[in-house]
Amino acid sequence: MRSINSIKDLSLQEIDALVQTAEDIIARPEHYARKMAGKKLATLFYEPSTRTRLSFEAAMIELGGHVIGFSEAQSSSAAKGESIADTVKTISCYADIIAMRHPKEGAPLVASLNAGVPVINSGDGGHNHPTQTLADLLTIHREKGSFTNLRVGVCGDLKFGRTVHSLIDAMSRYDGVSFVMISPEELKVPSYAKLPLKERGIPYTQTTDLAAAMPELDILYMTRVQRERFFNEDDYVRLKDSYILTPQKLTTAKKDLIIMHPLPRVNEISVAIDEDPRACYFKQVLYGKYMRMALMMMLLEVK
Ligand code: CP
C-alpha cells in the first residue's frame with residue numbers, strides 16, 4: 001500500500017506513466033468507465049476547495065467508482081476532537097482510497113501512517129500540493145511538448161504557495177530547466193523549498209520585478225496571495241495586489257509563453273487575459289481530473 005505526500009514520492013518514470021495514462025483517458029474515456037467499479041474514494045477536506053475535491057470526485061465517478069466524504073471539518077467528528085489517526089482508521093473501514101486536504105502541514109503524512117488504505121495529500125497548509133503539480137505537469141507537457149529546457153517564472157506568494165513548492169520540486173528534476181522567482185521580499189520561497197534546486201544545481205534568480213523577467217520566460221506561473229495563511233490582515237492588504245497581470249504587461253512576453261495559475265484567482269490575473277491563447281489555467285483545471293484518475297488507478301494497482 002502506497003500513499004502520496006509529496007511529488008518526490010513519484011519517480012520521473014512514474015510521472016511519465018501517469019502522463020501517458022492521462023493522455024489515453026483523454027483519447028478513449030469509454031475504456032476507463034468501469035475501471036474502478038466497486039471502489040470508493042473518501043474525500044476528507046478540512047479546508048475549502050473547489051477544484052481539488054470536485055475533480056477527485058469527478059475522477060472516481062468517471063472511473064465507475066463511488067465517493068464519500070466531508071468538505072469541512074465542522075461536519076465531521078473532528079469538531080468533537082477526534083484525532084486524524086482515529087478518523088483515518090475509521091475511514092479505512094469504508095473506503096479504498098483517501099484524498100485529504102488539511103490546513104496543517106504534515107497532516108496527510110500523519111494520516112498515511114495510520115490509514116489502512118492509500119492517502120493522497122490534496123494540499124497541506126503552505127507546504128505541498130502534489131496533485132496540483134500533476135495537473136500542472138500534464139498542462140506543460142501538452143502545451144510545450146516536453147519538460148526540458150524551460151525557463152519557469154513563479155510569481156506572487158511564493159512563501160505560502162504550496163503549489164509552487166511542489167512545482168519547483170518536480171520541474172527541477174528535468175534537464176535545462178531554470179527558475180525566476182518573482183515575489184515581494186516578505187513572500188520569497190522558503191529555504192526548504194529551494195533545497196531541490198541547490199541539491200541538483202538548478203539555476204535560479206529571485207526578483208521583485210515581473211516586467212524585467214517577462215521577456216525571457218517560457219512559463220509564467222502566477223499565484224494568489226494566500227490570505228488564510230497570514231497572521232496579520234494589514235500585511236495581507238499591503239501585499240495582496242503586488243502583481244496583477246494585464247494584457248499590457250504581456251506585450252514583452254514570448255509568443256509561445258504559457259500562463260498558468262493553480263486557481264482560485266483573486267486579482268492577480270486580469271479576466272481580459274482569459275481569451276489570450278497563452279492562458280492555460282482552465283486547461284489545468286481539466287487536466288487535473290485526468291491526472292487524478294491516473295494516480296488513483298496507479299495507487300490501487302488497477303491495470
Ligand atoms: N488549485 C486548488 O487547489 O484549488 P482548490 O483550492 O479549489 O482545490
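Visitor: Is Glu47 buried or exposed?
Guide: Glu47 is buried, because its relative accessible area is 9%. Buried means under 20% relative accessible area, exposed over 50%, and partly exposed in between, with a 1.4 Å probe and protein chains only.

Visitor: What should I know about the model and the numbering?
Guide: This is a predicted model, where local features need pLDDT of at least 70 and side-chain atom pairs count only at pLDDT 80 or more, while totals for chains, interfaces and linings use all residues. Residues are numbered from 1 along each chain as its sequence is written, and side-chain values use heavy atoms, with hydrogens and water left out.

Visitor: Back to Glu47. Which residue forms a salt bridge with it?
Guide: Arg162 does, and the closest N and O atoms are 3.1 Å apart. A salt bridge here is a side-chain nitrogen of Lys or Arg within 4 Å of a carboxyl oxygen of Asp or Glu.

Visitor: What about Arg238 and Asp235, how far apart are their closest N and O atoms?
Guide: They are 3.2 Å apart, and the two residues form a salt bridge. Both lie in helix α9 (residues 233-239), three residues apart, which is about one turn of the helix.

Visitor: Which residues are linked in a network of salt bridges?
Guide: Lys8, Asp169 and Arg200 are.

Visitor: New topic. What is the volume of the largest pocket?
Guide: About 340 Å³. On a 1 Å grid over the protein atoms alone, a pocket is an open set of points where a 1.4 Å probe fits, with protein on both sides within 12 Å along at least five of seven lines, and lining residues have an atom within 4 Å of a point. Grid points are joined across faces, edges and corners, and the volume is the space filled by probe spheres set on the points.

Visitor: Which residues lie nearest its centre?
Guide: Of the 21 lining residues, Arg101, Arg162, Arg224, Leu263 and Pro264 lie nearest the centre. Helices α2 (51-62) and α6 (162-171) each supply at least two residues of the lining.

Visitor: Why does the pocket lie between domain 1 and domain 2?
Guide: Domain 1 (7-129 + 288-299) and domain 2 (130-284) both give residues to its lining, so the pocket lies between them. The domain bounds come from an automatic or database domain assignment.

Visitor: Last topic, how many disulfides?
Guide: The count is zero, where a disulfide is a pair of cysteine sulfur atoms within 2.5 Å. For Cys280, the closest cysteine sulfur is in Cys155, 16 Å away, so it is too far for a bond. Cys280 is buried, with a relative accessible area of 0%, while Cys93 is exposed at 62%.

Note on methods: Helix = DSSP H or I, 4+ residues; strand = E, 2+ residues; numbered from the N terminus.
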